[in-house]
Amino acid sequence: MTAPAAPPSGPGRPSVAVWKFASCDGCQLSLLDLEDELLALVAAVDIRYFLEMTRAVVEGPYDISLVEGSITTAHDAERIQAVRESSRFLVTIGACATAGGIQGLRNYADVGDYVASVYANPGYIETLSTSTPISAHVPVDFELRGCPVNRYQLLEVLTAYLAGRAPRVPGFPVCQECKAAANVCVLVAAGTPCLGPVTRAGCGALCPSVGRGCFGCFGPAATVNTAALASRLTDDGARPAELVRIFRSFTANAPEFARESRSHDS
Amino acid sequence: MTHNRNYSVDVGALARVEGEGALHVVVRDGSVSEVALNIYEPPRFFEAFLVGRRYDEIPDIAARICGICPVAYQMSSCAAAEDAFGVAVSRQIQDLRRLLYCGEWLQSHALHVYFLHAPDFFGLEDAVALAERDHSAVERGLSLKKTGNKIMETVGGRAVHPVNVRVGGFYKAPAQAAVRALAEPLHRALDASLETVRWVSGFDFPDIENDYTFVSLRDPGRYPMEVGRVVSSSGLDCTPAEFAEIAVEEHVARSTALHSRLFGREPYLTGPLSRYALNSEALTPLAKEAAAAAGLGRECRNPFKSIVVRAVELVFACEEALRLVETYEAPVPPAINMPVPTAARALSDGEQAGTSDGLVGAGATEAPRGLLFHVYEIDAEGLVRKARIVPPTAQNQLPIEADLRRVAETGLDLSHDELTRRAEQAVRNHDPCISCAAHFLDVTVETVP
């Protein structure tokens with residue numbers, strides 16, 4: 001990822017907009033979860049559009065747009081174009097915006113069946129057959145991963161922008177954080193399926209820290225060998241259907257995970 | 001403004017709610033002719049995603065329905081799956097779940113009271129503007145919220161989408177020292193929550209009382225949260241499984257969320273007003289005192305005063321969490337194993353392979369914004385065959401629309417801007433989580449020429 005193309009314009013505070021597409025609100029909530037930093041943050045930037053927090057709406061353009069959620073309707077596919085046009089620096093926050101998220105499970109199924117199974121009157125429902133990341137529709141300047149994002153990484157992205165430098169967000173796998181936390185390896189010691197070796201760090205190895213396997217909610221690390229991991233899991237007794245489920249969850253459409261899950265899907 | 005006898009109120013993108021929705025009110029010949037809460041959040045199909053997943057994946061997937069109340073989804077889904085397997089968890093596990101849930105109530109209610117709802121009572125756009133007027137109030141809200149998040153991180157491992165919850169209990173019991181350390185911030189939060197009740201009870205409230213059918217859980221002797229039977233002010237008293245049959249859902253054009261009625265007829269309300277009306281005698285001592293001091297009777301039918309009830313529930317959540325923290329003993333084991341039936345066992349029961357009905361279970365818990373119930377059918381391999389999830393906001397859509405009608409009827413002499421603000425407030429009174437219900441809310445007030 002790249003540093004901001006240019007420092008914030010003018011002497012004023014950079015303007016910020018927060019957008020929601022198909023999502024659970026958890027990543028934008030992470031901004032409000034910065035309880036100790038929030039009031040300082042809203043003093044350092046000028047929040048001009050953030051419906052979850054304020055009914056005040058100021059028209060763009062905006063210096064920074066934070067985008068949560070994936071594209072799942074024709075209307076949203078048009079809306080993201082307008083967001084891009086009004087934004088100098090566009091940051092996707094979370095697994096939905098960055099990889100299509102849990103909604104990406106629909107990409108492996110027939111959405112018509114889904115509509116029929118949830119809604120009595122399918123004719124009322126407008127939806128696309130796929131859930132796609134923001135980058136499939138418009139250029140994205142920085143992608144912050146996680147389901148949800150780590151709020152301190154979100155703060156780091158904003159701080160880096162204010163300082164005119166690149167955000168320091170690691171691309172190495174969860175294993176590195178897990179070792180630093182002095183956890184016993186759940187995969188090696190207990191044979192628990194764990195995506196830690198192929199998943200991007202950032203959460204602090206939360207799942208192995210409570211004795212369960214990582215389920216990959218930060219998506220693939222910068223360089224991964226998913227086939228080697230799948231082979232190890234197979235040696236430990238995982239059947240193909242389980243491998244499909246393991247690689248097909250909160251970031252099912254990240255290319256590396258999608259390829260691996262398809263290779264076990266008969 | 002309202003010399004004009006024909007006009008409409010439209011809010012196209014409602015702010016300070018979770019998710020995306022709209023509101024539409026039409027006044028013709030001086031009377032309200034049409035009221036609609038439109039939920040246009042994209043449909044999210046969670047029930048379909050769950051089909052074919054293993055039972056132990058349910059809590060993590062269901063949590064993604066809502067980033068504001070993931071614990072509610074985890075608690076209801078665990079309860080439903082455990083009901084399907086016929087397994088009861090230990091008292092220690094149940095207590096730890098209740099502590100985690102107290103954390104979610106604290107963070108969610110603090111967010112709603114201070115960030116989403118209170119600005120309305122000052123005619124302000126948001127909590128940032130509120131902080132300019134009353135910095136200490138917003139600081140108090142943030143500190144309450146932080147304590148809630150601290151509990152969720154200590155017990156659940158993460159504030160948004162906790163990782164430590166599993167069907168049967170927890171992956172790992174938190175250390176006793178870590179849980180006991182929550183007492184100190186909780187004592188401060190208790191003071192802050194009592195101050196919150198005093199603060200909000202001094203707000204000006206429109207004089208409106210509505211005739212709700214209240215529905216909530218009841219857990220004898222305790223304010224309801226993670227377990228209980230479903231009761232109503234109209235005399236209902238049933239299990240979550242029975243309630244799932246009684247609460248009939250309807251799909252209408254204006255919403256990607258389904259509408260609920262009791263027996264397919266009677267709209268009903270869930271949430272703080274309902275919990276309070278049906279369980280106020282079970283509140284903890286300071287919460288009960290605070291409610292009395294704030295002038296709440298045995299029940300409250302003014303939806304604008306839901307902020308006072310929510311503040312009382314903040315006091316309750318602090319007192320209850322303190323009790324649980326002080327008596328905490330790590331559950332051993334941290335989780336009960338589910339007896340996943342094998343195909344062989346199904347056959348020995350005289351059923352044919354592949355044709356058994358599977359195990360069906362229902363679970364209901366009290367999300368911060370109301371009753372959340374789940375029903376699952378799980379097959380012999382432990383895979384989900386059917387899922388039904390009914391969030392509080394879907395159940396509350398009809399009473400919210402009824403409230404809007406009352407607000408419009410009693411606000412015909414207000415200016416267009418005032419009526420728009422009040423209509424928005426009427427929706428926020430119920431802390432709708434539109435992401436849960438489907439996913440977005442938008443309100444409009446416009447004049448019909």
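Author: Start with pairing: two strands pair if DSSP finds at least two bridges between them. The model here is predicted. In chain B, strand 2 (residues 21–28) and strand 3 (residues 31–38) run antiparallel and are joined by seven bridges.

Reader: Which residue of strand 3 of chain B is the bridge partner of His24(B)?

Author: The partner is Ala36(B). As for side chains, in a regular strand they alternate between the two faces of the sheet.

Reader: How many residues lie between strand 2 and strand 3 of chain B in the hairpin?

Author: Two residues separate them, and Asp29(B), in the turn, has a positive phi of about 50°.

Reader: What does the radius of gyration say about chain B?

Author: It is compared with the value for a compact globule, which for 449 residues would be near 22 Å; chain B has 22 Å, so the two agree. Along the principal axes, the C-alpha atoms of chain B fill a box of roughly 75 × 50 × 35 Å. Of the 449 residues in chain B, 60% are buried. Among contacts in chain B with a separation of 6 or more, 74% are between residues 24 or more positions apart.

Reader: Which domains does chain A have?

Author: Chain A is divided into domain 1 (15–163) and domain 2 (174–263), with C-alpha centres 25 Å apart. Contacts link 15 residues of domain 1 to twelve residues of domain 2. On the domain 1 side, helix 4 (residues 95–99) of chain A gives the most, with three residues. That side comprises six nonpolar, eight polar and one charged residue.

Key:
Residues are numbered from 1 along each chain as its sequence is written. Chains are lettered from A and ligands numbered from 1 in the order in which they are written. This is a predicted model: local features need pLDDT of at least 70, side-chain atom pairs count only at pLDDT 80 or more; totals for chains, interfaces and linings use all residues. Helices (H or I, at least four residues) and strands (E, at least two) are DSSP runs, numbered from the N terminus. The radius of gyration is taken over C-alpha atoms; the globule rule is 2.2 Å times the number of residues to the power 0.38. A residue is buried if 20 or more other C-beta atoms lie within 10 Å of its own, exposed if 12 or fewer, and partly exposed in between; C-beta atoms are placed from the backbone. Two residues are in contact if their C-beta atoms, placed from the backbone, lie within 7 Å. Domain bounds come from an automatic or database domain assignment. Ala, Val, Leu, Ile, Met, Phe, Trp, Tyr, Cys and Pro count as nonpolar, Asp, Glu, Lys and Arg as charged, and the others, Gly among them, as polar.
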